[in-house]
Amino acid sequence: LQLLDEQCMVSWGSDDKFSLSLYSNCEKNDRFTVGSAQRVRNQFSVEHYAGPVEYTVESWLEKNKDQLPAASVELLESSDFELIGQIKKYVRSEGAKLTTKSLGKQFSDSLKILRSRIDTTVPHYVRCLKPNDELAPDNFDPKEIVDQLRYCGVLEAVRVSRAGYPTRYPHDVFMSRFYMLCPNRLIDTGNLSPYHDESTGNLTEDQKQLKRLVSRVATDVWKLEHEVYQRRLSMERKQLGEDAPKVQQQPKDASDVHALARPETLDEFLMLDFSSRCAVAGLQLGKTKVFLRRDAFDFIEAIRNEKFGKNVTKISKTWRRHYTRKYYFYSIACIIRIQCLFRKAQARMKTDELMKVFKEYLRMKDASRKIARSYRNHYALMREGAEFRQKK
């Protein structure tokens with residue numbers, strides 16, 4: 001863009017001279033290529049992710065000057081409208097010198113402002129892809145999608161990111177997400193290596209807990225990774241035969257390569273210093289972030305999910321025990337109440353039957369008394385009548 005602005009500033013600038021200046025200044029760049037046929041046509045090629053892209057410098061100076069035709073400028077200058085009078089000074093006509101910012105300069109300044117704004121934020125990019133070339137609905141072409149991803153550099157960016165530390169957590173986010181992996185992070189014992197003096201006296205309390213958590217996570221990741229590694233070697237020995245020699249397994253991709261040799265035992269792992277243990281496990285503790293390799297992140301997530309699974313099972317078990325115990329006592333109370341009500345009804349029925357019998361007994365007793373009384377009266381009258389007849 002600077003070369004283009006230089007050609008626009010001078011009166012003798014042209015597309016041909018711009019192309020010659022471009023060839024002489026950029027031909028040593030690895031991404032800039034130009035052939036003999038392209039020199040004749042004022043063309044050049046730039047190597048992008050999608051491959052070489054050919055450009056033609058025809059009318060670049062005219063477009064970069066961003067000038068209006070002379071007739072249009074004369075029309076604006078002849079206008080009496082107040083607003084047109086205010087913008088006359090910003091209008092560039094054909095043949096005028098480049099005194100204000102060119103189109104390329106405006107684009108460059110806008111790009112710098114955008115970059116500074118992006119650096120102060122956490123952007124998330126959305127990549128739009130065409131599902132097919134026919135623009136037809138419900139037609140997904142996998143090959144077309146893969147080609148677009150490759151040409152846009154997405155696959156290359158993913159590959160480069162996986163080769164390094166693609167997952168990065170700020171300290172507070174890492175602590176809040178994985179704190180359950182180190183429940184006793186308030187003390188050094190059991191978290192840091194016993195073979196080294198890794199005291200955290202000169203750190204803040206949050207930094208101490210973070211270092212203990214990272215050390216504990218590195219140890220757990222190494223244990224899980226070593227277990228998977230030994231299991232894989234055992235399966236390979238079984239496939240090759242029981243008498244096959246033990247062969248050191250080579251890592252399959254660049255993300256599995258560590259700068260240090262793989263420790264064979266837990267003691268060998270703990271004998272390493274803090275940074276070396278983290279490097280072997282696939283994570284690093286930075287000043288503001290914790291960096292994780294792809295495999296280390298997968299192992300940590302697996303350990304976290306296992307912890308959550310156990311805790312969920314324990315919570316579920318405790319809740320079911322509490323609910324069952326509460327239901328049991330409720331059932332016992334209901335059974336006792338039902339029994340009380342049944343015994344009450346049974347006792348009431350029995351009492352009613354006894355009252356009927358008792359009432360019948362009282363009725364018969366009263367009737368027997370009446371009969372006895374009537375009989376005694378009759379007997380007394382009979383005996384008195386007999387005595388009276390004898391006296392006569």
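**Entry 1**

I began with Lys314, which I located in helix α14, spanning residues 294-391. Helices here are DSSP runs of H or I with at least four residues, numbered from the N terminus. The model is a predicted one: local features need pLDDT of at least 70, side-chain atom pairs count only at pLDDT 80 or more, and totals for chains, interfaces and linings use all residues. Residues are numbered from 1 along each chain as its sequence is written, and side-chain values use heavy atoms, with hydrogens and water left out.

I looked up the accessibility of Lys314 and found a relative accessible area of 54%, so Lys314 is exposed. The classes are buried under 20% relative accessible area, exposed over 50%, and partly exposed in between, with a 1.4 Å probe and protein chains only. The areas come from the Shrake-Rupley method.

Lys314 belongs to a positive surface patch together with Lys317, Arg321 and Arg325. Patch members have over 30% relative accessible area and no salt bridge; like charges are joined within 9 Å, and nonpolar side chains (Val, Leu, Ile, Met, Phe, Trp, Tyr) within 5 Å. Lys and Arg count as positive and Asp and Glu as negative, while His and the chain ends are not counted. I took the place of a charge as NZ of Lys, CZ of Arg, CG of Asp or CD of Glu.

**Entry 2: nonpolar patch**

I noted a nonpolar surface patch of about 470 Å², made by Tyr328, Phe329, Ile332, Ile335 and Ile336. Ile336 is placed in helix α14. Its relative accessible area is 46%, so Ile336 is partly exposed.

**Entry 3: salt bridges**

I counted 12 salt bridges, each defined by a side-chain nitrogen of Lys or Arg within 4 Å of a carboxyl oxygen of Asp or Glu.

Glu306 and Lys310 form one of them, at 3.6 Å from N to O. These two residues are four apart in helix α14, which means a separation of about one helical turn. Glu306 is partly exposed at 46%, whereas Lys310 is exposed at 55%.

Glu360 and Arg363 meet in a salt bridge at 2.3 Å, N to O. Glu360 and Arg363 are three residues apart in helix α14, again about one helical turn. I recorded Glu360 as partly exposed, with a relative accessible area of 33%.

Asp366 is bridged to Lys370, with the closest N and O atoms 3.7 Å apart. Both lie in helix α14, four residues and about one turn apart. Asp366 is partly exposed at 37%, and Lys370 is partly exposed at 44%.

I also found a network of salt bridges that links Lys143, Asp147 and Arg150.

**Entry 4: aromatic pairs**

I described each pair of aromatic rings by the distance of the centres and the angle of the planes. Rings of Phe, Tyr and Trp (its six-membered ring) pair if their centres lie within 6.5 Å; planes under 30 degrees apart count as stacked, over 60 as edge-to-face and the rest as tilted. The count comes to 12 aromatic pairs.

Why is the pair of Trp222 and Phe269 stacked? The ring centres of Trp222 and Phe269 are 5.1 Å apart and the planes are at 15°, so the pair counts as stacked. It links distant parts of the chain, with Trp222 in helix α11 (residues 205-240) and Phe269 in helix α12 (residues 266-271), 47 residues apart. Trp222 is buried at 4% relative accessible area, and Phe269 is buried at 0%.

Finally, I noted one aromatic cluster formed by Tyr169, Phe174, Phe178 and Phe297.

How values were computed
Areas by Shrake-Rupley, 256 points an atom, 1.4 Å probe, with all protein chains shown as cover.
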